Amino acid sequence: MIKRIGLTMRVIETSEYKETRDAISHDWISYLGHFPDMLVVPLPNIGKKANTLIEAFCLDGLILTNGNDIGSAPIRDETELSLVETAIKTNLPVLGVCRGFQLLQHYLGGKLTQVEPS
């Protein structure tokens with residue numbers, strides 16, 4: 001049975017076209033492509049309405065990916081917080097990687113401390 005896994009995307013600004021875009025690293029697609037029973041579903045940054053994507057795409061899991069510091073891409077923050085809230089309510093498995101883990105920590109009331117390089 002194929003599992004549908006939602007993948008969040010970072011927000012980037014292109015200088016060539018002077019526009020903001022959602023993007024996902026090819027590394028994610030390449031890595032997850034090794035699992036023949038998994039269908040990767042890139043999730044657009046649409047803000048609070050993102051909670052509807054879980055049901056619309058019949059997701060079996062969610063990966064909050066890396067990129068963008070929390071607060072640097074408000075539409076992504078809003079999208080992922082909406083997804084996490086719905087995932088928790090519906091017992092959908094969630095994996096947070098780098099920024100994604102930080103977002104889960106933030107959502108659950110934990111503190112994040114920026115460390116200056118030494």
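Arginine 99 forms a salt bridge with glutamate 80, with the closest N and O atoms 2.9 Å apart. This is a predicted model: local features need pLDDT of at least 70, side-chain atom pairs count only at pLDDT 80 or more, and totals for chains, interfaces and linings use all residues. Residues are numbered from 1 along each chain as its sequence is written, and side-chain values use heavy atoms, with hydrogens and water left out.

User: What makes arginine 99 and glutamate 80 a salt bridge?
Analyst: The term requires a side-chain nitrogen of Lys or Arg within 4 Å of a carboxyl oxygen of Asp or Glu. Here the closest N and O atoms are 2.9 Å apart. Arginine 99 lies in helix 4 and glutamate 80 in helix 3, so the pair ties together parts 19 residues apart in sequence.

User: Why is helix 3 called roughly perpendicular to helix 4?
Analyst: Their axes cross at roughly 65 degrees and come within 11 Å. That makes the two helices roughly perpendicular (65 to 115 degrees; under 35 is roughly parallel, over 145 roughly antiparallel, the rest oblique). Axes are lines fitted to C-alpha atoms, over the stretch in contact for helices, and angles run from 0 to 180 degrees between N-to-C directions.

User: Why does lysine 89 count as exposed?
Analyst: Its relative accessible area is 63%. Exposed means over 50%, buried under 20%, partly exposed in between (1.4 Å probe, protein chains only).

User: What makes glutamate 85 partly exposed?
Analyst: Its relative accessibility is 35%, so glutamate 85 falls in the middle class. Its side chain meets that of lysine 89 in a salt bridge (3.5 Å, N to O).

Key: Helix = DSSP H or I, 4+ residues; strand = E, 2+ residues; numbered from the N terminus.
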